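Thanks for making time this morning.

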Amino acid sequence: MRPSNKWASRMGFILATAGAAIGLGNLWKFPYLMGRNGGFPFLVAYLFFIGILGVPVMIAEMSLGRKTGHNPVLAYDAVHPHARIVGYLGVLAAFFILSYYAVIGGWIIKYFVSYGLTGHAPADFNAFIGHPTEPLLWFFVFLLITALICYFGVSGIEKASKFMMPALFVILLIIIIRGITLPGAGAGLAFIFVPKFKEFSIHSVNAALGQVFYSLSLCMGITITYGSYLHKDVSIPKGCIQVAVLDTCMAVLAGIAIFPAVFSCGLEPASGPGLIFVTLPEVFGAMAGGAFFAALFFLLVFFAAVTSAVALLEVSVSFVMGSWHWERKKAVLLLSLAIFLLGIPSSLSFGPLSEVSILNYGIFDFVCMLTDNIFLPLGGIFMCYYIGWKWDPAILIDEICQHGVAFPLARAWRFLIRFVTPIMVAVVSLSGFVSIYRTVFL
């Protein structure tokens, strides 16, 4: 009988890990970046960085989690006592990210319910998110669903992922079929795929690099946590490649689902919440059967969001269970409450607290900056240093190659982790700090 804190199947592990990676950024940010930064050349650059940054870091984190069987903090403590800082940065990043991610998750549930009950989106998106209490209610509902899945442990996460990930794919295909059959849909496909070399620049390369870092949920403690639940006979390199392929395919398919419909209606593509909550409702409103496809779409977005949210919560739950010896029930309840309280200012930053700023950032944007531009890049730099130089990567290679598992690219992986990946992470970090400088001082 398998231990209760281990994945019951390899497929469950793959789907849960892919679900952690596939989130809101895949559904709007990646295809938008692809369209605005050269189309197909951007995709090529993204796939290149997946190979030299994304998959190597995933392999390092997952093998570290499986070897130690611990949460991120204790896992890095096994590398070096001072390396605990890497684990703490990952846990803090996951904790803070979920505090604002669940706010957006609440908006998604609101739109799904609105389409399901009335056949229409809320009348005014800005008025809705600016309301002092209603967004908090939906924020709470989203976090409650996330907590319920985590409450049942690895089994609950695996069962939810086995249902939600295939359902996400099926819904995506339905929306793709509807979108590409609309008049003028070809313009949307051209926006994403047609090579536009004049729009591909060094900034495009940097955007592709940064998207890899965040799309695969690197240095958030997720991969280490999920790796600690992995059985010794599972091939880690193969699993990481499968997750990266699923993540990229879903991002590309999301673009095929969204942008043909947007261009068919003569609307301009937008990045961020404006696309999902403002532009797309206009598209669905002009489409035959639009209410049905809108409800399907927001169900799709909900599945993507909640699988990522569950992974983020599980990082903190794993930490307090392993380091503070809390029971799962206590950990899930108290951490969910703390995340809800931390997220209240982010939710209110679009309404009652809209005039409050920290270093020229609104509250919501400040928390995003803290995680995206400080916690994650610093965690990545420290990770490369401790695993690549203070520890011997050969230890992880031995962990990977148990039970006859082949790792033919072990030497290449070791070289990447020690020399190439640190440079890539440093570029992401520098870009983040430049962004902070411009916002605060310019």
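Predicted model: local features only at pLDDT ≥ 70, side-chain atom pairs only at ≥ 80, totals over all residues.

If we start with α16 and α18, the side of α16 that meets α18 includes Met369, Asn373, Ile374, Pro377 and Leu378, and it carries on through residues such as Gly380, Ile381, Cys384, Ile387, Gly388 and Trp389. On the α18 side, the partners include Ile417, Arg418, Phe419, Thr421, Pro422 and Val425, together with Ser429, Gly432, Phe433, Ser435 and Ile436.

As for the geometry, helix α16, which covers residues 363-390, packs against α18 at an angle of about 160°, and the two axes are 9 Å apart. Because angles over 145 degrees count as roughly antiparallel, that value makes α16 roughly antiparallel to α18. The crossing in which α16 passes α18 is left-handed.

Helix α18, residues 410-441, also packs with helix α3, residues 40-68, and here the axes come within 10 Å and cross at roughly 115°. That makes α3 roughly perpendicular to α18. This crossing, in which α3 passes α18, is left-handed. The contact involves Phe49, Gly51, Ile52, Leu53, Pro56, Val57, Ile59 and Ala60 from α3, and on α18 it involves Trp413, Leu416, Ile417, Val420, Thr421, Met424 and Val425. By class, the contact of α3 with α18 has 13 nonpolar residues, two polar ones and no charged ones.

From α5 the contact draws on Phe95, Phe96, Leu98, Ser99, Tyr100 and Val103, while α15 contributes Leu335, Ala338, Ile339, Leu342, Gly343, Ser346 and Ser347. Nine of the residues in this contact of α5 with α15 are nonpolar, four are polar and none is charged.

How many cavities of 30 Å³ or more does a search of the whole structure find? The search finds four, and the largest cavity holds about 80 Å³ of space. Its lining is made up of Ile175, Arg178, Gly179, Ala257, Ile258, Ala261, Leu280, Val283, Phe284, Met287, Phe293 and Phe297. Helices α8 (153-180), α12 (236-264), α13 (273-285) and α14 (290-323) each supply at least two residues of that lining. By class, the lining of the largest cavity has 10 nonpolar residues, one polar residue and one charged residue.

I am happy to take questions.

Technical notes
Residues numbered from 1 in each chain as written. Heavy atoms only, no water. Contact = heavy atoms within 4.5 Å. Helix = DSSP H or I, 4+ residues; strand = E, 2+ residues; numbered from the N terminus. Nonpolar A, V, L, I, M, F, W, Y, C, P; charged D, E, K, R; others polar. Axes fitted to C-alpha atoms, helices over the stretch in contact; angles between N-to-C directions. Parallel < 35°, antiparallel > 145°, perpendicular 65-115°, else oblique. Left-handed = near helix turned anticlockwise from the far one by under 90°. 1 Å grid on protein atoms, 1.4 Å probe; cavity = no way out; pocket = protein on both sides within 12 Å on 5 of 7 lines; lining within 4 Å. Points joined across faces, edges and corners; volume = space filled by probe spheres on them.
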